[in-house]
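Colleague: I have a model open and a few things to ask about it. Can we go through some residues and a helix?

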Amino acid sequence: MSYSGLTTKIRAMQSHLLNVQNFREIVELSSVPQALAYLREKPSYGSLLGSLDGNDIHRGQIERVLKQSIYRDYTKLYRFANSSQRKFLDLYFGRYEVYFLKVCLTNMIDHRKPSLDLTGFEDFFDKHSKLNLEALEASDTIEEFIGNLKGSVYYQPLANLGNVQNPTLFDYEMALDLNYFRRLWENRTVIREKQGIKGLTKALGAKMDMLNIQWIYRCKKYYHMTSADIYALLIPVNYQMNSRKIQEMVEADSLETLDGLIRKSYYGRHYQEFTEKTLESLYAEIMKHILSTESRQHPYSVTTIYSYLYHKEHEVDRIIIALECVRYRIAPDEAMKRVVCR
């Protein structure tokens, strides 16, 4: 009974998500203004895109506006949720704080003017976040930025980078991501709901396992990092990948050896196409499969909330990619390959 109203609301919102045919129709359009006009006809985006001029708008502006639909949907779910369900949503909310902090860091390091638009979400942000948004956006230096985070869960992870010589934006973003994933995993039992905890454990565990595999592969192929440096970047969570298997991957002497280990892993055995060449595309497919399955089997659990937010956020990512493909006149078939792998 505690989920009946919320589940009904989620089902109604799911009916507004775009399908593969919708994305195909978008990438077949000849201009961004046409694509935006197409999206204006969709219930989730019409009111948000109504005032945008598609002729001059750039990717950053589109991304900020589209993310408003995520914030709006999150707020709708929060209003329908009871106190137990809100505990999970409050925990999940950390990803939006991390996004905000990353934008602030990028703007500061690149000497850009503040560009994060929280229109329509600022009231909720003010109510549930302890961050001083104005002070963080106005920070001129990394030291000032970190100082403005004192008292929050983000202060220590970033302050610890003071011991690193010349930390980069990547270092700060990774510190924020690792902190968020660790807190999400350690506090998932806050919902006190057997089926919900089981579903979350499966979804979050698989997500963190596969992200670790992706990061190990990227670090070895593109950055030629040492084993010690790779270990520092990994999420400290082991679900289907125990510490020994992770160690074997990190210390693999070649990409061929690593690919063999990936194929022999839990994910390689259960998903035959899970190889070093398909890590990103299969990651998205596996996550969608797990969340869709869990939410169908246990519709009256917090997994249904997580599943909807996951699909909504990935829909926005795919829309942004589709619009960029239209902007640069990428052939529809090639564009769809880029869209569906998200």
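Modeller: Contact here means heavy atoms within 4.5 Å. Keep in mind that this is a predicted model.

Colleague: Fine. Which residues does Lys 207 touch, leaving out those up to four places away in sequence?
Modeller: Phe 181, Tyr 283, Met 287, Tyr 306 and Tyr 310.

Colleague: And where does Lys 207 sit?
Modeller: In helix H13, which covers residues 194-223.

Colleague: Is Lys 207 buried or exposed, and what is the nearest side chain of opposite charge?
Modeller: Lys 207 is buried.

Colleague: Switching to H6. Which of its residues are buried?
Modeller: H6 runs over residues 83-92, and the buried ones are Gln 85, Phe 88, Leu 89, Leu 91 and Tyr 92. Looking down the axis of H6, they fall within an arc of 160°, so they line one face of the helix.

Colleague: What do those buried residues pack against?
Modeller: Several helices, including H1 (4-14), H5 (59-80), H12 (169-186) and H19 (302-327). H13, the helix that holds Lys 207, is also one of them.

Colleague: What caps the N-terminal end of H6?
Modeller: Asn 82 does, with a side-chain oxygen 3.1 Å from the backbone nitrogen of Ser 84.

Colleague: Last one, Tyr 74. Which helix is it in, and is it buried or exposed?
Modeller: Tyr 74 is in H5. Its relative accessible area is 0%, so Tyr 74 counts as buried.

Technical notes. Residues are numbered from 1 along each chain as its sequence is written. This is a predicted model: local features need pLDDT of at least 70, side-chain atom pairs count only at pLDDT 80 or more; totals for chains, interfaces and linings use all residues. Side-chain values use heavy atoms; hydrogens and water are left out. Helices (H or I, at least four residues) and strands (E, at least two) are DSSP runs, numbered from the N terminus. Buried means under 20% relative accessible area, exposed over 50%, partly exposed in between (1.4 Å probe, protein chains only). Lys and Arg count as positive and Asp and Glu as negative; His and the chain ends are not counted. A salt bridge is a side-chain nitrogen of Lys or Arg within 4 Å of a carboxyl oxygen of Asp or Glu. The arc is that of the directions from the helix axis to the C-beta atoms. A polar contact is a pair of N or O atoms within 3.5 Å; within protein, one must be able to donate a hydrogen and the other to accept it, and residues adjacent in sequence count only if both atoms are side-chain atoms.
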